[in-house]
Amino acid sequence: MTILDWHGAQADDTDPAGWGRDGTEVSPPPDIDLAAVRRYRLARVRAEMQTRGIDALLISDPVNIRYATGARNMQIFCARNAPSRYLLLTPTESILHEFTGCEHLAAGLETISEVRASSTASFVAAGPQIVQRERAWAAEMADTVRERVGPQACLGLERLNAGVAIALSGCGLRIVDAQEPIEMARAIKSAAEVQCIEASLRATERAVGRLREAIRPGITENALWSILHQSVIAQDGDYVETRLLSSGPRANPWFQETSSRVIEADELIALDTDVVGCHGYYSDFSRTFHAGPNRPTAAQRTLYQLAHEQVHHNMDVIRPGLSFREYSERAWNIPARYHANRYYLSAHGCGMTGEYPYLYHHADFPASGYDGEIRPGMTLCVESYIGEAGGREGVKLEQQLLVTDTGTRLLSRFPFEDALLA
């Protein structure tokens, strides 16, 4: 197989996005005003705080810290070892408590008014002194909050240890959940954010092109999946959030993680990118490939064509002003034989990770769905998984798009497989 450009024709030594076959950049990427991106995101969070009467947010999710300030540091480590770095955000200040020894990393960010060393309150750091450490940490933080925003402050929390949250609630502050204001802020993208998303997608598409080139009977799933990682990191992406590449019978049902299984002749290989890529933005599209050397079977083509139909039907449904309930009612009805193994969502928001909103299948809306409105500036990923319960193989397809004032614009450009659509 050869690297394809995004129109399906064979590329020369450079693809349309400006990268050589060896992964080196051969033309400059589009200019993106990253300072404007940071200012926009910080203003979005503060506006949502004001709408809800929240005086301060204490943010420890590393993706949310990056969204609000642009500060990046050991995102996976800090997600596991919370709170090892955290952000206190008020209407006028943003105080980043950075991991010890890393205070210099946020230098020059106009979104941060002060950097302090974090005072870690975790069992790993404190051992049997954890309760005392959490209480002291909470008392110190509560004093800081009161100094900044007043004695009866309303403080929003997310992703903190239970002991820390309990201790803070005993310090005379009104504690609320910070997830809603942050998710609602993240849901609407600026034009410059969309540029970041497209840069991330182009890099991931190049990586998937190299993965696709390497498909052959005899390669393991892990070896094939590693090509995605290598190319993403070489292009200054961050990491791959899941292990979703599987082949043959391991592609049905979905969500079987990549393994050392050897790919056999003429099998399907299904991939969900889930790449946290350039500028920290999520590149999330899915494709299913055929290992060859023979042509796909009629059964394989049927699975692929149904998944393709589902994705494109649901993309056509999406428009600004449509309610989540209306979307669910108009979305593609999954045939009964494939319903048991359906993907758990019909579509979802996408920014720095998967995010608000979740749009559910019609059958799942009564139990899981919630209402809201599809709005311009949302970026959505439209999902499909088609695999019969007890069947040998399955197909995963997904497209990423932007909701505009008048409709939608496709963001993901990687081609579908002509042989599976034939």
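The UniProt annotation "domain: Creatinase N-terminal", from an unreviewed entry, covers residues 41-188; such annotations may be inferred rather than shown by experiment, and their positions follow the numbering used here. Residues are numbered from 1 along each chain as its sequence is written. The model is predicted, so local features need pLDDT of at least 70 and side-chain atom pairs count only at pLDDT 80 or more, while totals for chains, interfaces and linings use all residues. Over residues 41-188 the chain is 45% helix and 18% strand, and the end C-alpha atoms sit 9 Å apart. Helices (H or I, at least four residues) and strands (E, at least two) are DSSP runs, numbered from the N terminus.

Now for the sheet. Six strands make up an open sheet with mixed pairing, in the order β4-β3-β2-β1-β5-β6; two strands pair if DSSP finds at least two bridges between them. β4 (114-117) and β6 (174-177) stand at the edges with a single partner strand each, so one side of each has no neighbour in the sheet. Further in, β2 (residues 86-89) pairs with β3 (residues 94-98) in the antiparallel sense over four bridges, with L89 opposite S94 in β3.

Then there are two helices, α5 (residues 130-149) and α6 (residues 162-169), whose axes come within 8 Å and cross at roughly 50°. Axes are lines fitted to C-alpha atoms, for helices over the stretch in contact (heavy atoms within 4.5 Å), and angles run from 0 to 180 degrees between N-to-C directions. Residues of α5 that meet α6 include W137 and M141, and their partners in α6 include V164 and L168.

Note on methods. Side-chain values use heavy atoms; hydrogens and water are left out.
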